[in-house]
Amino acid sequence: MLTRRIQGQKGVQGIIIVNSEGIPVKTTLDNSSTVQYAGLIHQLVMKARSTVRDIDPQNDLTFLRVRSKKNEIMIAPDKDYFLIVIQNPSD
Amino acid sequence: MYSRSLLYVMLQDEEKTVEIGGGHIKGLIKPPDQLKLTEAELKEKITRVLNTQNPHAPDNIVRWTFKDRCFKPCVVDHTIHIFELEGNLVYKNSDEGRRLMLKQGEVEEAGEEDRPDSAASKTDKKEPKITNIFNSCDRATQTLHNPPREINCQTEPPPRSSFSASANQWEIYDAYVQELQKQEKNKEKQKAAPSEKDEKSQKKMMLMETQDIDLNKVSKAAKVLERMVNLNIFDEIAQDFAYYEDPADEFKFPKGTLLPLWKVKYDQAKKLSVTALCWNNKYPDLFGVGMGSYNFCKQGSGMLLFYTYKNCSFPEYIYPTSSGVLCLDIHEERTYLVAVGFYDGSVAVYNLKTEGKEPIYKSTAKTGKHTAPVWQVCWQNDDMDSNHNFYSVSSDGRVVSWTLVKNELVFTDIIRLPVIPCVSNFTACGTSMDFHKQIDYLFLVGTQEGKIYKCKTYSSKILETYDAHHMRVDTVKWNHFHPKVFISCSSDWTIKMWDYTINTPVLTFDLKEPIGDIAWSPYSSTVFAAVTTDGNVHVFDLNINKYEALCQQLVVDKKKAKLTHIAFNPIHPIIIVGDDRGNVNSFKLSPNLRKKPKVRTLTNCRLYAQNEMTCTK
């Protein structure tokens, strides 16, 4: 339900739910893109989280936003999963 | 043997002088014992043979041989060693010679004498060995060693698995935290005796968790993401909200404008109208919207929604109610407690922290619910037993105080509004209520008949009555700062400002349209806003202009919707306005409308006091 709501928002291109091992669990994009996004973003999130926690172990990553020319990738990590939403903000 | 012949030969040589002793003697000297030979015998040739046989060596040595068991002659050596001297001349081109030459060359360089005991030359080593300064001589022995033999043995390799992990500071921290938690759990388990039921319920929990994979666990992350997506979409609005100040305000002084920001609406609440608005003090982005219907003929269900302007596409909390919501109030300190009054006369308290959609307390017919719609609820301070309590006013003429005692809602009638014989035979219908901001027990009740009563909570006596309006008093509100001033609005198109010590209104504003709601601003004692059913929002600042609104802005299309409620945000300069289509619009107040009162200096005080005097006249 939540995913449907987000998908219905303006400019949202796709939403992917990835589990803690980096395997996409649920997605609205096609298979190849999903696998690509999941693999690459998983590494990025691990790196970002490691960075934040190395500086202060009591801190933790809340969300990560990567804005590029064409779209914006928003990543919200959770305990066991993380959600990726690709949105085109200018639409 | 040859000595005789030699001598004879020598003697044969004539006229040779013989050296005998120390002088020359001429002539032949014959020794006395010389043989006298005849001349024939003298001419005889005697052959003499020289051989190498040693005359002194024995010529028939025999040796016993054990082998043959007889004596055998052995070979006799005929060599006579007369003299032996070992020489130290070495041939140049031989190995030894070359070696010696090299050594001599080195020695000359070093400038040292070559030792006669040159052990090197004796032991035949190529590198010059450094010996100690004392006489050293190498003695080497060779021990017997067994010939080596290879023995191999092959075993099965142990099973291996590669393991990799990273040890960061935070992983270590996590491990410690987990350990701590485990220890605490163990302590708790030790304290509480484990029962079978607990184990069963735990097992059930485990099953549930494995089935529910996605939704519950990602809900938090999804919520954050939804807000981010919304922020992206409504980025301009967020920027306006934070930073935009209308530059035209400088020219339009003293008038101001309202900048439209977010619009929220909920699909399922389309047919309902907004009947109550309330901001949350603790989280200034959260506001509650009560949905119901003012249409007295058609009454249906209602809703209680909570929105945050961080996510304006979907409400944060949704509570469907069986009857239309007419009023709501959020507790000042415990902002998760929400008191709601319904059209059917009951009141309920919701706890936003709990999961369910049901209120934690609800009044029923037994527990003293009102018999008529509840028009206003107000939280008050906790009573002496630190139970929460709130008050409600309803058209049945009662002002009731409800106390949350453990699991129940206990009611106490505070006041019964007086009967007005000329208008109706029933008690007056209370339609609005407000508590004084500073004095806890003082409150005002507005009625259907247009009167306002001032009362105290601990006595059922009415302190004062004000003949306020000709029609029903929709809203009464005390001023947040001034202890004596309150304002009331009514469907008779007027807003009246009162000083509670005076029976007649101090100021009257006629807006020519039925007024839905008024609200004082939390930042200034002279600013208030009103909404009218024609879709206008009026903002007044009495400090600047006592008779006219500073801002009169049409916010909703007149034909489509009527504005019903308004509320000021406690912190930010925004207001929310609800209409009867279920939409809530938010606006930012331009700077002119946000002028805070100046700090009181002596001159200001005097001016203020003078103003007051002129007003009351």
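Predicted model: local features only at pLDDT ≥ 70, side-chain atom pairs only at ≥ 80, totals over all residues.
How much area is buried between chain B and chain A, and what share of it do carbon and sulfur atoms give? I got about 2,700 Å², with 64% from carbon and sulfur atoms. Buried area here is the accessible area (1.4 Å probe) that two parts lose on being put together, summed over both.

Residues are numbered from 1 along each chain as its sequence is written, chains are lettered from A in the order in which they are written, and side-chain values use heavy atoms, with hydrogens and water left out.

Next I looked up who touches whom. I found 24 residues of chain B in contact (heavy atoms within 4.5 Å) with 31 residues of chain A.

Then came the salt bridges (a side-chain nitrogen of Lys or Arg within 4 Å of a carboxyl oxygen of Asp or Glu). The count between the two chains is 2. In one salt bridge, R5(A) meets E226(B) at 2.7 Å, N to O.

I also checked D434(B). It sits in strand β18 (residues 430-435) of chain B; strands are DSSP runs of E, at least two residues, numbered from the N terminus. D434(B) has a relative accessible area of 5%, so I call it buried (under 20%, 1.4 Å probe, protein chains only). Its side chain reaches the backbone nitrogen of W478(B) at 2.7 Å. Leaving out residues up to four places away in sequence, D434(B) touches several others, including L442(B), F443(B) and V476(B).

Notes. Helix = DSSP H or I, 4+ residues; strand = E, 2+ residues; numbered from the N terminus. Buried < 20%, exposed > 50% of the residue type's maximum accessible area, 1.4 Å probe, protein only. Polar contact = N/O pair within 3.5 Å; in protein donor to acceptor, adjacent residues only side chain to side chain.
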